[in-house]
Amino acid sequence: MAAIPIPTRQLYIDGSWKLPVLNKCIPVINPSTEEILGDIPAATAEDVEVAVEAAHKAFYRNRGKDWAFASGASRAKYLRAIAAKVVEKKPLLAKLESIDCGKPYDEAAWDMDDVAGCFEYYADLAEGLDAKQGAPVSLPMETFKSYVLKEPIGVVALITPWNYPLLMATWKVAPALAAGCTAILKPSELSSLTCLELAAICEEVGLPSGVLNILTGLGPDAGAPLAAHPKVDKIAFTGSSATGSRIMTAAAQLVKPVSMELGGKSPIILFEDIDLDKAAEWTVFGCFWTNGQICSATSRLIVHESIAAEFLDRLVKWVKNIKISDPLEEGCRLGPVVSEGQYQKVMNFISTAKSEGATILTGGIRPKHLSKGFFVEPTIITDVTTSMEIWREEVFGPVLCVKTFGSEDEAIDLANDSEYGLAAAVISNDEERCDRVSKAIRVGCVWVNCSQPCFCQAPWGGIKRSGFGRELGEWGLDNYLSVKQVTKYISSDPWGWYQPPPKQ
């Protein structure tokens, strides 16, 4: 597949392209080749100021009648137009995604289908919102009538990660716009190309100016002033727990709502009654999909002791069969991690596990046939104890650690032995057992006999250090809505609490 030049883009503010005030930029590095492909603009607090002002103005323009308090159906037209453009530009967007973050091309193309589907889904929900307005509230007094309005929360800051650059942005942008919010999107500086193309799409479909503003830049320079801005009414963040904590601290100063989708260290439990090959494929997919860079990666394998040796033997064969290559090469199933910094982090996790006494069963090194790029062989680590860093901390790379169990209770205890609580997978042919274990694991998402399926109709999010609030589904729309109670006194009688003054 031929390499493509990357489009030259500026910041997208108030419906037009603007150079950063301080004229700074960030190089774009292809993680497969380590080549500099070009650069992206680097916003700073000065640009944040202009973008927030534009979003604020767009929200209140014409007393909100142009966007915020227009019908959901009128906003839905724009969301559908964006979806259609994503479909039209899918090959270009998928290539840009691959060369920007290292994701295999087939996977990036699948992401673009999901992006379009998500905009379509929230277009439907925006229309559905119109019918839900004025829903009556049952009251115990007949002299009053009450109903509820669902209104956009206001100007929202959307701060998104580098592992699914356009899809994770869409998970926030689509419901925020459907709700009637205006937004400032700050994608990760490590992979911003497709989010800048989303800006070009918004321009093409004539999205009203200021409704969506897109600022690329570094977290401390652009993300921090955005989170702390007094005219930002809500922050939605996906990323690391450490950054999430800083954003919450900033939001607390202004008593501002936040929703957080943070890290994970998700378990996959394999019982003794399974088909080993089916389970092996789901185990590989659950941990090594997206080059292992998924917050919900089922990176702790908890396998029944009676099948552990045979299963691991089978699993290694599956892993050695994965095609590791440049993401644009046909059939690639594992590309590089996103950056040199991430590569070093993953390698450090592997060497620490070794020094703590764990065994590297397979992988743990750069693939021999690739001398350039931030590639890590898919890695399986055994002889792990629950106090080891590799069991406790999120790696965000293609690394799976393994523990065995004897009883169902022991499996549940191991699964729950984490500060995180995003997802879990359970693989067994016993349906009742799957239901019991699904209820017992303390997480936000459970997958039975699979790992990592994700549908925009189903809620997504975690508990504990994995954050709070839910994205996707109707819950994703609720994130950006405020509920207003309207209550009317409908009796012609006086209220009668005070004695009326004497008539003159």
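Modeller: Residues are numbered from 1 along each chain as its sequence is written. In this predicted model, local features need pLDDT of at least 70 and side-chain atom pairs count only at pLDDT 80 or more, while totals for chains, interfaces and linings use all residues, and side-chain values use heavy atoms, with hydrogens and water left out.

Colleague: What makes up the count of helices and strands in the chain?

Modeller: The chain has 15 helices and 22 strands. Helices are DSSP runs of H or I with at least four residues, strands are runs of E with at least two, and both are numbered from the N terminus.

Colleague: Why does the radius of gyration of the chain agree with a compact globule?

Modeller: The radius is taken over C-alpha atoms, and the globule rule is 2.2 Å times the number of residues to the power 0.38. For 504 residues the rule gives a value near 23 Å and the chain has 25 Å, so the two agree. The C-alpha trace spans about 95 × 55 × 40 Å along its principal axes.

Colleague: What is the share of buried residues, and what makes a residue buried?

Modeller: Buried means under 20% relative accessible area, exposed means over 50%, and partly exposed lies in between, with a 1.4 Å probe and protein chains only. Of the 504 residues, 55% count as buried. The accessible surface of the chain comes to about 21300 Å², and 54% of that belongs to carbon and sulfur atoms. These areas come from the Shrake-Rupley method with a 1.4 Å probe, and for residues only the protein chains shown count as cover.

Colleague: Why is Thr170 called buried?

Modeller: Its relative accessible area is 0%, and the limit for buried is under 20%, so Thr170 is buried. Thr170 lies in helix H5 (residues 165-179). Not counting residues up to four places away in sequence, Thr170 touches Val115, Cys118, Phe119 and Pro175, where contact means heavy atoms within 4.5 Å. Thr170 and Val148 are 22 residues apart in sequence and 28 Å apart in space, C-alpha to C-alpha.

Colleague: Why is Lys132 called partly exposed?

Modeller: Lys132 has 44% relative accessibility, so it counts as partly exposed. The residue is found in helix H4 (residues 105-132). Leaving aside neighbours within four places in sequence, Lys132 is in contact with Val148 and Glu474. From Lys132 to Val148 there are 16 residues in sequence and 8.7 Å in space, C-alpha to C-alpha.

Colleague: What is noted about phi of Asp14 and of Arg63?

Modeller: Phi of Asp14 is near 55°, a positive value in a residue other than glycine. Phi of Arg63 is near 55° as well, again positive in a residue other than glycine. Most residues other than glycine have a negative phi.

Colleague: Where are Asp14 and Arg63 found, and why do their exposure labels read as they do?

Modeller: Asp14 sits in the loop between strand S1 (11-13) and strand S2 (16-18). With a relative accessible area of 23%, Asp14 is partly exposed. Arg63 sits in the loop between helix H1 (45-60) and helix H2 (72-88). Arg63 has 74% relative accessibility and therefore counts as exposed.

Colleague: Why is strand S18 called largely enclosed?

Modeller: In S18 (residues 423-427), 5 of the 5 residues are buried, so the strand is largely enclosed by the rest of the structure. Ala423, Ala425 and Ile427 point one way and Ala424 and Val426 the other way. In a regular strand the side chains alternate between the two faces of the sheet.

Colleague: How do you know that S18 is paired with S12 and S19?

Modeller: Two strands pair if DSSP finds at least two bridges between them. Strand S12 (residues 267-270) runs parallel to S18 with 3 bridges, and Leu270 has Ile427 as its bridge partner. Strand S19 (residues 445-448) is joined to S18 by 4 bridges, also parallel, and Ala424 has Val446 as its partner there.

Colleague: What are the pairing senses around strand S15?

Modeller: S14 (residues 359-362) and S15 pair in the antiparallel sense over 3 bridges, with Thr359 opposite Thr382. S15 and S16 (residues 399-405) run parallel and are joined by 3 bridges, and Ile381 has Cys401 as its bridge partner in S16.
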